Structures are given as structure tokens and as C-alpha cells.
Amino acid sequence: MGTGCFLLTFLTRHKPQDFLITMSQVRVRFAPSPTGFFHIGSARTALFNWLYARHTGGVFVLRIEDTDQARNSEEFLNVIYDSLAWLGMSWDEGPKVGGACGPYRQSERAPIYKEYLQKLLDAGRAYEKDGAIWFKLLGERSEVFDDHRKKTVTKVANTPAVIDDQIRGRVERLEDEDFVIFRSDGNPVFHFVNVVDDIAMKITHVIRGEDHLSNTSKHVELFKAFGAPMPKFAHIPLILKQNGPGKMSKRDQGALIEEYQKKGYLPEALVNFLSLLGWNPGGDREKMPIEEIIRLFDLPAVNQSNARFDDKKLAHMNMVYLLEQPADRFVSLARAQMERQQAASALAADPAYLREVVLLSQPKIKSLEELATYTAYFFTEDFAVDAKVRDKVMAKGEPKARLAELAETLATADFSSDTAIEEAIKALATRTALSFGDYQSVGRLAVSGTNVGPSLTGMFRVLGRERVLARIAKFQATA
RNA sequence: GUCCCCAUCGUCUAGCCCGGUUAGGACACCACCCUUUCACGGUGGGCACCGGGGUUCGAAUCCCCGUGGGGACGCCA
């Protein structure tokens, strides 16, 4: 009550401008627990917090919720750091970078929790029972048998907590049972540490998944008991699994950030896609540079309904980004992906040659992941010939005659450019009254063993006359 | 079971707040065009306001009830 009165007088004595100055800047936090995986839902929660901080010029805090001591390790922590770094989200306060409200790992904040617990104890808002410490709600008590949980519980005639949610509006929820804040093993529980840290770290906006909306009444009661200013809440919709019921869990296909790293997805494509899952700037804008997303992002524009994850749309977004990568970056991305896939023969090749092969393929591929397979025949003479394609190609016209003519032409053709090779083949086609296509299918089959690939002339040029003729000869011998 | 949240094409969504649109875009799908295979791209097509009541001259839009989906009900976070 005292704080309420203070606030009232404060507001009446000061002009709006003064109030603005007093109001600190936005402080948001991302508070993952190091379970060993970085979930796509966590990534989006982190992203929305980060975007809001960057949009408002606020502070993005990283706090590690590692009170579950059994499951912590440095390795798990690194998964979080690496994933955030990969996605391009830097934190202003937190582990590694420090800050005024540290430490930022809950496992190192025990004295702070003890101190806050004492405040509750002194105020008569906490008590011990069964070796644990419980938070005490205010109101008349009565014993009631809970059919669902099959036990007698103590209900408290409390008034509903009011949650002022930036996305959902006003939400009321009644918290009518005391709850544990310190386990009998002496460790504080999530609801307690979460609120204490949000107070101690001066968090102004709590942006988190909707699965926490029901918990928020507990948190509101705690904020009130501490007499602390209530942060703004923003509960964002959940990401549902693409097939079947329920929210996406770490066991679902595509749920882990590391999967996308392994597949060579571009982080900016994933970030763009994730930003659009549950938010959009209005209108038709989809592919946007991160600066644009930051400029347009705001909490009230976030949707209220859950979104189903669609890997096809993500793959498409990734392809669009891939297509427009500058040569140098594309080559280094391709190389990194080949290293992950241990494409030994490609990596053993001359870097300049690898570069040519990769750039020749850039406009054709849909993902980095398929690049090694797509270009395999560039790096070995021992490539497989697709039997189906062979049957199909060899069944039409007179492919053997065409191949012989092609080989003869190529033996003396100018290999200095794609167009030079193209002109030579077109001249041949004119002489025989056929088309480029009549030479392409069998030529491609003989030289690459398949019917898909980059432009034929580019492929010939990069491979070089010697290897092209040798491959044709080898093919003729077996066909 | 109780409580909380949500509801437009198969999917992500615009439109909803401040009622009047041929309900728009993207992914996926189909067809055609382009083309030197495969892609990219282009054009076109099919595909949606969950149901029922109200309010109103008029409802995707406002209200209520159903139904459906999701979440929370731990000494997990």
C-alpha cells in the first residue's frame, strides 16, 4: 500500500517529461536453462527479446537458469553461447560480458536468494512445511478435496492476479494455493528465482512463451509481496510441431538449432523465418534484412495464436538467401559445409578449382547440404552412372553417334569460355541439322553420369578438355 | 477434471481495434511460358473467414454459446 501511495504522489507532482526521464530504458532478458540443447522455440523467444531490445535501444540480458544442479555443465552452456552467437544475437549483460547486475548464472546467486527469502520471512509471507519453504498467500483458508489430484489441499480466498499483457491484453488468473519457493534440499525453485532475478536485474519487460502465462499469477503474487514494480509481460505464441498434436519438443524433427548448423542453413535466413513465426510487419513483406526487422518489430504486432512450424517454407527462405550470396561468402560457406560432411575428394582438390565448381552450382542448388552430392563427379573419375537415366537417354534417337560427333568437335573446340564451347556445339548441330539438346543429354550423361547439373558448357569448361574427352571415351567403351 | 490462452486457404499470414474487399501475399500443389538438363524466374489455377445464435440496412470484422486447438495445474525450468 505504501508504494502505491508513493506512486500516486509521484505521478501528480511530476510532469510527463520528468516521468520519462525517470523511467529507465527497456531491459529484457533471455533466461535459458542449460539442458544440452538449444530448441527452436527458445531461439525465437531469445530473438523476440533481442529484437525488442534493439528496437527500443534497450538492454538484452542473458541469464542462465541453472538451479537444477544435476544437469549443468560447461559444455551445455557453450551450446547456448554458440547458438546465440551463430544466430547473431549478442547480449549486453550476462556471462562472459558481465554487467552491473551480475552474477548472471543462478547457480552463483545463492546469497541474493537468501536475502530475498529473508524479506519474505520477515514480512510473514513465507513459512516452513515438510522441510520446504512455502510462499504464503493472503486470505481466508479452507481445506478442499481435489478430485483430479486426489488429495486434500488448502485453498486461499485470494483475489485474482491481474496480468497486463502486451500481446494478450488484460488477463486475470486466481492463484489460490501456497506454493514451494525453496525445496527441502535448500535450493530455490524456478518461480522464486525468476521473479527475484527480474527484480534484481531491473527487468522491465518479460517476453516469454505462452506456456508461462499460467505461471504468471504466481509471479505477480511474488512481485507484489516484494513490493517491487511489476514488469510488463508479453506472452508469445508457441511453435507447434509440423505433424501431429502439441507444441514442438526437442525430440521433433527440426527442433534443434544444431540441426540447421549441421545442414549449412544460413543463420540470417533462419532468423528471418523465425521472426515471421508469430509476428509480421503487416502487409506482404517477408524477406527482410535484420536492420529492417529490428526497425519494424514491436510487441503489440505479435500474434496471439500458435504457429505450426513449416520446414518447406524455411528451406525456401534459405534458398533465396543462398542465391544472393556474394561469391566469396558462398564459397566459404560451401567449403565449411563440405568439411562438415567430410567430402574428402572435394576438399582435397585445388581451392581455385573447388571455387569454380561451387560457383557454377550456386544458381542451381536449393541447399548447401546437397552441394557435395551435386558436384561429386567434379572430383573423381570414379563416379556412378545413373542406370535409369542411362536407359532413358540411350533409348532415344542415336545417342552413340551424337556422342561420337560431340567428342570430335570438343577435341578441337575453344575451351576458353562457356560461350566458345556453346558456339562449337551449336555449329555442330547446325551441320547435322539437329539441336543443342540432342548433344546435351548424352554428353551430360557420359561426363557426369546423370541428367541434372549446372550448365553443360560451364561443366565442360571447368572440367577441361582432357577429362571431358577421357570420360566420353570411357563411356563409349562401356556403352 | 479445474483454470488460462487461441480460432481466415494444407501451412505461415494480411484484413479485425475504427463493420460495406472480386477476402490479399508467401510456402506447398497443378498447368502453361521461359529454357541447354535440373533449377531460378514469369503467368494462370484450385484452396479459407470452425458451427450456431444475436446486434445491424449490412458481420471475417462487434457480443454470446457451442465446438475445436494449445497451455498450465511438480519440492522441473
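## A tour around RNA strand B

Select RNA strand B first: of its atoms within 4 Å of the protein, 67% belong to sugar or phosphate and the rest to bases. You are looking at a predicted model, where local features need pLDDT of at least 70, side-chain atom pairs count only at pLDDT 80 or more, and totals for chains, interfaces and linings use all residues. Residues are numbered from 1 along each chain as its sequence is written, chains are lettered from A in the order in which they are written, and side-chain values use heavy atoms, with hydrogens and water left out.

Next, show the protein residues near the strand (a heavy atom within 4 Å of it). There are 61 of them, and the closest include Arg168, Lys364 and Asn451. They divide into 18 nonpolar, 22 polar (Gly among them) and 21 charged (Asp, Glu, Lys and Arg).

Now colour helix α11 (311–323), which gives the largest share of this surface, four residues. Helices here are DSSP runs of H or I, at least four residues, and strands are runs of E, at least two.

Zoom in on the polar contacts (pairs of N or O atoms within 3.5 Å):

- Arg168: a side-chain N or O atom is 2.4 Å from a sugar or linking oxygen of RNA strand B.
- Lys313: a polar side-chain atom lies 2.8 Å from a base nitrogen of the RNA.
- Gly453: here a polar backbone atom is 2.7 Å from a base nitrogen.

For a last stop, select His205 in strand β10 (residues 205–209). His205 counts as buried because its relative accessibility is 10%, and buried means under 20% relative accessible area (1.4 Å probe, protein chains only). Leaving aside residues up to four places away in sequence, His205 touches Val26, Tyr52 and Leu299, among others, with contact meaning heavy atoms within 4.5 Å.

Notes
Polar contact = N/O pair within 3.5 Å; in protein donor to acceptor, adjacent residues only side chain to side chain. Buried < 20%, exposed > 50% of the residue type's maximum accessible area, 1.4 Å probe, protein only.
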